[in-house]
Amino acid sequence: MYQTKFNKAKVVVVGGAGFVGSNLVKMILNNNHDTTVTAIDNLMSAEKESLPLDNSRLNFIHGSITEQSVLDQIKDDEDYIFHLATYHGNQSSIYDPLADHANNTYTTLRLMDHVKNFKNLKKLVYSSAGCSVAEKTFDAAKATTEQEFTNIKHDSPYSISKIIGEFYSVYYYNQHQLPTVRARFQNVYGPGEMLGAGQWRGTPATVWRNVTPTFVYKAIKGIDLPLENGGIASRDFIFVEDICRGLIACALNGKQGEVYNIASGKDITIADWRSEEHTSELQSRVDI
């Protein structure tokens, strides 16, 4: 039988106030009444109000995981760590590759090096992305075959940062037996994703978010919903609660050193996603 709940655990969620992070924090607290959670976030693209701050089992730390004073608060009595901090999105990383490195690549290295000798840690779940290894094709959705090499042609610093994070996950597992598990995200949608939040509000990064919240926002405002190339590009859309359940499964049941794709397994074009066929599902699952 697979384990489905934490047992009197201490959990850290890095990037805990973000879109996926805040949903994960709430799911863990709601379903595990003997578990405590520490959420760490520098609020670059998140709001701490996304978290249940009145919950006595939640400890919120405002800061970056690259800061030693923040790292020092993560001690060797934690059971699980979810590393969700990122410099969100391909466009943002193209606009500022140095910021992507500081908030995507460097955060991963600092965290893993800090906890590499922890004895109590059961699992560190690293959030990667499907774009870091998957070929950019129009074929049917399928898992990427794991090989001892990967394509070096990447189209964004974000994608590069994510694959470097996977390299570090494997390195620290092999070199230090750090119990890492890699979770590759697909296109997540659902309540809590903001077009502009934290320090990003009012900056170009405001509009560089996933297609779903962009369409919802434009629909509310009565703005046209343009489709590039007729909307032929396709994605694997997955609801945020399903991503969170997948992350928890990686922590509780994932094999150390391994990688897991968290996805719906359904390939949907942007045109179809915007169409009436999917409107009812979208409205029922997204609080607009």
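1. Cys 250 has a relative accessibility of 5% and therefore counts as buried. Cys 244 is likewise buried, its relative accessible area being 0%. The model under discussion is a predicted one. A search through the whole of the structure returns zero disulfides. A disulfide would be a covalent bond between the sulfur atoms of two cysteines.

2. The largest nonpolar core comprises 39 residues, and Phe 6, Val 11, Val 20, Leu 24, Phe 82 and Leu 247 have the most contacts inside it. Elements that each supply at least two residues of this core are β1 (10-14), α1 (19-31), β2, β4, β6, β7 (187-189), β9 (237-239) and α7 (240-253). Helix α7 provides the largest share, eight residues. Another core, of 19 residues, lies apart from this one and includes Ile 40, Met 112, Phe 118 and Leu 124.

3. Neighbours within four places in sequence being left aside, Phe 6 is in contact with Val 11, Ile 28, Asn 32, Asp 34, Thr 35, Tyr 80, Phe 82, Ile 248, Ala 251 and Leu 252. Two of these partners, Tyr 80 and Phe 82, are also joined with Phe 6 into a cluster through ring pairs. Phe 6 and Phe 82 are both listed among the residues with the most contacts inside the largest nonpolar core.

4. The aromatic pairs number five in total. One of them is formed by Tyr 168 and Tyr 172, with 6.3 Å from centre to centre and 45 degrees between the planes, a tilted arrangement. Both tyrosines belong to helix α5, where they are four residues apart, or about one turn of the helix.

5. Asp 79 is situated in the loop between α2 (68-71) and β4 (80-83). With a relative accessible area of 10%, Asp 79 falls below the 20% limit and so is buried. What does the side chain of Asp 79 reach at 2.8 Å? At that distance lies the backbone nitrogen of Lys 10. The side chain of Asp 79 also makes a polar contact, at 2.6 Å, with the side chain of Lys 122. Residues up to four places away in sequence not being counted, Asp 79 touches Lys 8, Ala 9, Lys 10, Asn 120, Leu 121, Lys 122 and Lys 123.

6. Most residues other than glycine have a negative phi. Leu 43, although not a glycine, has a positive phi of about 60 degrees. Leu 43 occurs in the loop between β2 (36-41) and β3 (58-62). Its relative accessible area of 14% is under 20%, so Leu 43 is buried.

7. Is Gln 177 buried or exposed? Gln 177 counts as exposed because its relative accessibility, 55%, is over 50%.

Key:
Residues are numbered from 1 along each chain as its sequence is written. This is a predicted model: local features need pLDDT of at least 70, side-chain atom pairs count only at pLDDT 80 or more; totals for chains, interfaces and linings use all residues. Side-chain values use heavy atoms; hydrogens and water are left out. Buried means under 20% relative accessible area, exposed over 50%, partly exposed in between (1.4 Å probe, protein chains only). A polar contact is a pair of N or O atoms within 3.5 Å; within protein, one must be able to donate a hydrogen and the other to accept it, and residues adjacent in sequence count only if both atoms are side-chain atoms. Contact means heavy atoms within 4.5 Å. A nonpolar core is a set of buried Ala, Val, Leu, Ile, Met, Phe, Trp, Tyr and Cys residues joined through side-chain atoms within 4.5 Å. A disulfide is a pair of cysteine sulfur atoms within 2.5 Å. Rings of Phe, Tyr and Trp (its six-membered ring) pair if their centres lie within 6.5 Å; planes under 30 degrees apart count as stacked, over 60 as edge-to-face and the rest as tilted.
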